[in-house]
Structure formats: structure tokens, C-alpha cells
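Dear colleague,

Please find the structure below, with its sequence, so that you can follow along while reading.

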Amino acid sequence: MRFRPRNVRSRLTLWYVLVLAGLLALYAGVASLFLFLSLREDFDQNLLKDVETIEGMLTKEPNGGVSLHSSHPGAAEPRIGHFIEVWSPQGSLLYRSAELQDQTLGGPPGPDEGLHDPSPSTMRLPNGTRVRLASSVYHVEDQRVVLRIAYSEEGLWRELGEFGEVLLLGFPIALLLAGVGGYALARKALAPIDSMATQGKKISAERLGDRLSIENPEDELGKLGTVFNSMLGRLQAAFDQLRRFTADASHELRTPLTAIRSVGEVALQDQRSPAEYRDVIGSMLEEVDRLTRLAESLLALSRADAGHVQLQREDIALLRLAEEASSVVEVLAEEKRQKIDIAGDENLLVSVDRLILRQAVVNLLDNAIKYSPPGSQILVRVQSGGDNQVTLDVIDQGTGILKEHQPYVFDRFYRVDKARTREWGGAGLGLSITRWAVEAHGGEITLKSEEGHGSTFRVSLPLAKYSATSPLKGGSQ
Ligand code: ADP
């Protein structure tokens, strides 16, 4: 099974120690190599120097052999550790130092041995001793001889071994210190995460206003905390909106239900004529109507929120769509003797879901009718908005909307005058449905209004196709 420490701290420390161990091993290898090369260089230089010294000490014996003779008495034999052999070119051994006993430095010499550069080479004696060997050709009086000198490399390897031992001894200590230090550092660096986790555990739906405390917003953990906090902010806003929505929806549902109940209770108190009962049933049905509309609006919004609405797009002239919407609300306008004029370019096509966008325009027209005086005029104007946009304006001569209310009229359940608008059946959902519909088609809706001077709602949508502009058709404002 693969070993994998559970927490990041230990994982970081492990990695730290592993990397350090690798680096130390590399360092030890390279340092040992350099030490070895430099020791051997000294070794070889001494060897070559000794070749010259020993050449000067060679003396010819009367029996044809060769001996070593020193000007210093008692130094007839060179230092311990020197192995010396002198050969005649014909292959007879003229001298062998006592240290070698009966071992050879390689048997009779070859024809070229010692003639060229006397750079030393490494070889092993028959007993396994590793030696550094240099050969040279020399003339002892008139006799040519091949001189071989070798040093045992044991000392060199011992020194290298000692160096290695020192390194090896220091290795675990260095790793231990690195591990402890690394763990402490990782612990310190990751401490803010622990504190964030502890704080995060305490945040629940009821405490969405709490935030993580951030020590340094500039470092990585600080940035993570900031992102988390802003996510909490968005969640809190969404939660608050949902709570408000549920409270508003229940309130809106309760009002018509209370009305139905009280109308029914009053009617049951006394005996009434059929005409009176009809009246009672009529007002109950009005409230049921209101409830139905409200339920439909809520359903549309919750579907939109859940992202379940699939747009069935088709290319359609925005002007045609405005005409269709106008015919839906025509009766209401007629009741108030209002006139709806539709003007604009019929060649401006949009790619939209006909039913959804028509409902959006119906809502705008419905408001224009509701909030404008009897006998007033309502203008719907379709024109090119430039930059591949097409705009649809719904302009009324109604009460207008005060500046302070304007930012909120698209919010759910927002009504400027709650008491008055309820009379007309509005729950404050029409404009929010319209805004959703427009935005779902990649467009936007804006409002321009001044109290007493009517309102203009402008819907901008991306143009689907555009064929030659024609001048505005129909009436003007
Ligand atoms: P409602 O169903 O109450 O009409 P909307 O979401 O359609 O809800 O509109 C929100 C509020 O904006 C309305 O209650 C009304 O006060 C105001 N409003 C909307 N359209 C107009 C308009 N054309 N003229 C004046 N006020 C308007």
C-alpha cells in the first residue's frame, strides 16, 4: 500500500526531507568525487617524484643485477608502501623490493613500457591490494632497465572512507533537524487554515453574516479566505432574498384567502337573496382569479430560478410581437378608453421564445394601462438600437415613478403604492418576470420616468436578422 501521510503538514515535511536527502546525497557524491580526484592527483605527483628519486638510487651490481643505493645510510630500502620492480628489457627481473614478497607488478615488461608519458595507472596485486603504478625506462650505467614503482591506494581509500563516514554521520542529524524545522514551518504557515476551518464550522444558515477573519489578505491563504467570505456574502444575499420571497409570497397568498373567507362568513350570517349570493360568489371568484394569477406568476419565477425553462426560439419581427401583445390587453385599454399605438420597423427580427417574450410585453402594456389615466395614449415603438440591437419602448402618459423607487420596481413583490396597486390586482411580480424574460434572451430592460410625466420602459434585444430600415410606421408619441 502506498504511504501517504494524512495531513498536508506531514506531507510537506516528508517532501522537504526527501528533497533535502536527495540534495545532500548529490552533494556528498560530488564532494567525494572531487576529494578523490584531488587526493589521487597528489598521490600521482608523489609517485612520479619518487620515480625520479629511485632512478638516482639504482646501482648496478657486479653480478649483472641492480640494487638500490642511498647516500643516506640506513635508507637502502624505500618507504613502506613502495613496491619497486626493475626489469631488463629482455624480461629478466633485476630487483624486487621486499614489500612485494613474491608478488609481481605485472610480469616481464612489454616493448613499449615506460617509453612514453609515465602517467600512473591503477592495478591490483595478486593478493587484491589496489595500487597506483608508474613505469619508466632508465639507464643504469650502460644497461637499459624498466623501473616500476607502485603505491598502495589503501591510504587514499581510507581517507575517502573517513570523509564518507563523517558525511554519513551528519546526514541523519541534518535530516532530523530539517524534518523538525520543516514541520514547524509548515505548521506555522498552515495555521491560518486551521483557524479558518474552526471558524467555518461555526457558520450555519442562521449565522451567514459571520465572516472568516483574515490576517493578510495579500497572501495565498488570505486570498482564499477573501474568496470564501465573498461567497458567504453571495449566499447570504441569496438566502435573504429567498426568505423575503417566501414571506412576501405567503403574505400575498393570505390576503385573497382572508378576503374569500370573510366574504363567505358575512354571507352566511343572514338569509340573502339569490342576487346577493351571486354578488358574493362574484367577489369570491375575483379573489380566486387573483390567487390564480399569483400562483401562475410564482410558478413562472420558480421555474426561471430553477433554470427549467427551455426557450423555443424562432425568428420573429419584434413589431409583430408587440401587436400580438397589444391585442391581448386591448379589452383592458378599451375599458379605460386608452389608445395603444404601435410604430416602428417591421424588418427588425429577433430570435426569441414567442410566448415568453410576448408575456413580457403584455406585462409592460398591462402596467401602462393600469398606471395611466383614462383616455391617455400608450405608444409602443420598435427601432434599431445600433450595435446589432433592437429596442422596444413602451411609453405611457401615466403617473410616472419617483426616482427613489426606480431601482426597485423590477424586484419581486415591489410595489410603489401597495394599497392602491392591490386594488388593481398587482402583486409586484409583473416587472420581475419581464426582466427575467428579457435577460433570458440576452437583452436588458431599462426605465426612464419622472413623476407626473409618464414612464418609458425600454427593452433591448440582440438583432436576429436585419433587412433595410424603413421609416417609423404608424403614430408618433
Ligand atoms: P404590479 O403587478 O404591482 O403592477 P409590477 O412588478 O408590474 O407589479 O410593477 C411594480 C411596481 O412598479 C408597480 O406596483 C407600480 O407601482 C410600478 N409601475 C410599474 N409600471 C409602471 C408604470 N408604467 N407607471 C407607473 N408605475 C409603474
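A residue is called buried when its relative accessible area is under 20%, exposed when that area is over 50%, and partly exposed in between, with a 1.4 Å probe and only protein chains considered. Please keep in mind that this is a predicted model, in which local features need pLDDT of at least 70 and side-chain atom pairs count only at pLDDT 80 or more, while totals for chains, interfaces and linings use all residues. Residues are numbered from 1 along each chain as its sequence is written, and side-chain values use heavy atoms, with hydrogens and water left out.

I begin with the salt bridges, each being a side-chain nitrogen of Lys or Arg within 4 Å of a carboxyl oxygen of Asp or Glu. The whole structure contains 22 of them. In one, Lys 60 pairs with Asp 142, with 3.5 Å between the closest N and O atoms. The two come from distant parts of the chain, 82 residues apart, since Lys 60 is in strand β1 and Asp 142 in the loop between β6 and β7; strands (E, at least two residues) and helices (H or I, at least four) are DSSP runs, numbered from the N terminus. Asp 142 is exposed, at 64% relative accessible area, whereas Lys 60 is partly exposed, at 27%.

In another salt bridge, Asp 305 and Arg 412 bring their closest N and O atoms to 2.9 Å. Asp 305 belongs to helix α4 and Arg 412 to the loop between β12 and α7, so this pair ties together parts that are 107 residues apart in sequence.

Beyond its neighbours within four places in sequence, Glu 153 is in contact (heavy atoms within 4.5 Å) with residues including Arg 40, Phe 43 and Arg 132.

Lastly, there are the nonpolar cores, sets of buried Ala, Val, Leu, Ile, Met, Phe, Trp, Tyr and Cys residues joined through side-chain atoms within 4.5 Å. The largest has 37 residues, and Ile 340 and Phe 457 are among those with the most contacts inside it. A second, separate core of 22 residues includes Phe 43 and Val 86.

With best wishes
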